[in-house]
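Dear colleague,

Please find the structure below, followed by a summary of what was found in it.

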Amino acid sequence: MRRSLILTVAAAVSMVLLAMLVPMAVLLRSYVLEDRLARAAVEVQTTESVVSTGDVGRINLYVEGVNEGGDSTTTVVLPDGTAIGPAPDPDESVRIAEARTGVARVDDVDGGSVILVPVSLGQSTAAASETPVVRVFVRAPGWEAPLVRSWLILLALGLALLVGALVLADRLGRSFVTPIRELAGYAGRLGVDGRREPPPPDGPAEVRELGVTLHRLVDRVEVLLERERAGMADLSHRLRTPVTALRLRVDALADPEERTRVGEELDRLQATVDAVVREARRSEREGLTGVVDGVEALVARARWWEPLAEDQGRPWELRSTATGPVVVRAGADDLVALVDVLLDNAFSHTPDDAAVRVTVADAPGGLSLVVEDGGPGLPEGVDVLGRGTSGGGSTGLGLSIADRTAAGSGGRLELGRSPDLGGARVEVVLGG
Amino acid sequence: MTQVLIIEDDARIRPLLVRSLDERGYAVASASTGMQGLQMAVDTKPDLVILDLGLPDVDGTQVLSMLRAVSDVPVIVASARDDDPSLVGCLDAGADDYVVKPYTTAQLEARIRAVMRRASSGSGPRRAVIELGDLVVDVAARQAVLAGEVLDLSPREFDLLRHLAERPGEVVTKRDLLVHVWQQPWGGSDKTVDVHLSWLRRKLGESASAPRFLHTVRGVGVRLDVPGPG
C-alpha cells in the first residue's frame with residue numbers, strides 16, 4: 001500500500017511538474033529571444049545613424065566594432081550590393097531587395113532571426129537602388145550558460161518539489177500502513193501464542209475505527225469462548241455426576257452377574273458421554289483461529305510414537321514430503337488425537353514385527369496423512385467408521401473421531417489396503 | 001479406623017459414597033457445602049478429605065487453598081473436571097491426588113490407601129521422597145533425579161513413574177495404569193501406556209531390550225525394579 005501510494009504521488013507530481021516546467025522553460029527561451037531582438041533594434045538605430053553619414057570607412061570601423069562578441073551580427077548592404085560585415089546568405093537577396101523599397105522586416109531564419117531595415121540617406125523618397133540596408137542577424141538562444149543555468153534552477157526546483165512530495169507521501173503511507181500492519185500482526189498472533197495486548201488505536205480515523213472494531217470482535221469472541229468453556233464444564237459435570245452415582249449404585253449390587261451386566265451397559269453409556277463431551281469441546285480445543293500448521297503437528301505427533309516402534313523392533317518409517325507449513329482447519333489437539341487413533345490401531349491390531357509407515361504430504365487444498373501397516377488389514381464387512389462397531393471389539397469411536405476431524409476440516413477419510421506393506425491403509429485428507 | 005470427610009454437594013452421590021466407604025470400614029462424615037466441609041475439617045480433624053470442586057457456595061479449589069492454610073490433612077479431589085489446568089491447578093494447590101468422575105468405589109478406595117500409605121510413611125504426604133537406587137522421585141516437588149541429573153519428564157510421565165515407584169517389585173497391569181495414571185477406568189488404550197513407557201525408558205537411559213528399572217512382564221504389565229550395584 002505504501003509503495004502504491006508513493007508511486008501514485010510520484011506519477012501525479014511528475015505530470016504536474018512536466019506540465020508546469022516545460023512551458024516555463026520554453027517561455028524563458030522566448031524571453032531571451034525577445035530581449036536579444038530588443039537589443040538588436042537599438043543597435044539597428046545606432047547603425048542607421050552611422051550609415052546615413054555615407055562614410056564607408058566609418059561604417060567599416062563601426063561594423064567591425066559592433067560585431068566583436070554579442071548575440072547578433074550586423075551587416076550593412078550598400079546600394080551596389082557590397083556587404084560591410086558578414087555576407088548575408090544568397091537566399092536573402094530577395095528579402096534585402098524588398099527591404100530597399102522602404103519596408104523594414106523581421107524574418108525567422110535557421111538559427112535565429114534577421115532584421116532588415118532600409119536606411120534613408122537624406123532624400124525624401126529614396127530610390128531602391130540608392131538605399132542601403134542594415135541587416136542584423138540575431139542568434140536564437142541555444143545552450144548558453146545563463147539560459148541553461150535558469151533551466152537547471154527550474155529543474156532543481158522541480159526535483160525538490162518531487163522529493164518533498166515523495167517524503168510527504170511516505171509519511172502519509174506510514175501513518176496508514178504502520179497501524180494496519182500492527183493490527184494485522186495482532187490479528188495473526190491471536191490464538192497462536194495466547195492473548196496479546198492490542199496495539200493502541202493509531203493512524204487515520206478509518207484505521208482507528210477498524211482497530212476498535214477488531215478489539216471489540218476479539219473481546220466478544222473470547223467472551224463467547226469463555227462462556228462456552230463454562231457451559232462445557234457444566235455439561236461435563238451434569239453428565240458425569242449422575243454416571244458416578246450409577247457407578248456407585250452398581251458397585252453396591254450384591255449379585256456379581258448383575259453387577260457385571262449393568263457395569264457393561266454403563267461402560268457404553270460412559271463412552272458415549274465422553275464422546276459427547278469431547279465433541280462439545282471442539283471449539284474450545286480449536287481456539288480462536290481454528291487453524292494450525294498441520295505438517296508440524298502431524299509429524300511431531302507421529303515422531304512421538306517412534307520410541308514404541310523401536311522398543312518393539314518394529315520397522316518404522318516416517319515420511320514428510322510437504323514442501324512447507326500447511327495450515328489446516330483443525331485444532332492442534334484434534335490432530336494429535338487423529339495421529340494417536342490411527343497409530344494406536346496400527347500398533348494394536350498388527351504383530352510387533354509388522355511394518356508401520358506414516359506419510360505426510362501436500363494434497364490439493366490441504367494436507368494428506370497416510371498410515372499404512374503390514375498387518376492383516378481392515379476387517380471386511382464391518383462399518384469400522386460407525387459408532388459402536390469395529391473389528392477389534394472396541395467401541396469403534398476412534399476412526400469415527402478421525403472421520404469427524406477430517407470432515408470438520410473440509411477433507412475426507414479413505415480406507416484401503418497398502419499396496420506394498422499389504423496391511424491396512426488409512427488416508428486422511430485435511431482441508432486448509 | 002480411618003476417618004474420611006466427604007465434601008460433595010450432589011445428593012445422589014454423597015449418601016452412596018458414605019455407605020460404600022462405611023461398608024469398607026471407614027468412619028465417614030460428609031458435608032454438602034464448601035464452608036460446612038471446611039468447618040468440619042477443622043473441628044473433627046479427619047485423616048483424609050475427599051473434595052468435589054463444583055460446590056454450591058465456594059469453589060472446591062478455594063476450599064482446598066483455605067484448608068491448606070490450616071491443615072496438612074491429605075486431600076483427594078474428586079471432580080468431573082478432566083482438563084489439565086484443573087488437574088494441575090489442584091495438585092499445585094496442595095491436593096494429594098485427583099480422581100475424575102465417574103469413578104468406582106474400588107478405584108476411590110485404592111487412591112485412599114495410596115494416599116494414606118504416603119501420609120504414614122513418616123515425612124508426610126507432600127514431602128514424600130522415594131529412593132530407588134540412583135533414582136530419586138520427589139513426589140511433592142514432582143521431580144525425578146537419576147544419578148544426580150534432573151529428568152525432563154512430562155506431567156504424565158512423572159505420574160507414571162511415581163505410580164510404579166510407589167510399588168517397586170510389583171507387577172502393575174496396564175489397566176491399573178490406565179485407571180490410576182490416566183484416570184480412565186473404562187476405555188483407554190494399552191498402546192498409550194506403551195508409548196509413555198517407551199519414552200520413560202529413554203529418559204531413564206534404558207531400552208526394552210536392555211532394561212534397568214522398567215521390566216515388561218509380557219501379557220501382564222510392567223514392573224519397576226531397583227537395579228543392583230554395577
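In chain B, 52% of the contacts with a separation of 6 or more join residues 24 or more positions apart; two residues are in contact if their C-beta atoms, placed from the backbone, lie within 7 Å. This is a predicted model, in which local features need pLDDT of at least 70 and side-chain atom pairs count only at pLDDT 80 or more, while totals for chains, interfaces and linings use all residues. Residues are numbered from 1 along each chain as its sequence is written, and chains are lettered from A and ligands numbered from 1 in the order in which they are written.

Chain B has eight helices and twelve strands (DSSP runs, numbered from the N terminus: H or I of at least four residues for helices, E of at least two for strands). Of its 230 residues, 41% are buried, that is, 20 or more other C-beta atoms lie within 10 Å of their own.

The contact between the chains takes 25 residues from chain A and 27 from chain B. On the side of chain B, α1 (13–23) and α8 (190–203) are the elements that give two or more residues, and α8(B) provides the largest share, eight residues.

Beyond its neighbours within four places in sequence, B:Leu161 touches B:Val137, B:Ala144, B:Leu153 and B:Leu200.

Key:
Buried ≥ 20, exposed ≤ 12 C-beta atoms within 10 Å, placed from the backbone.
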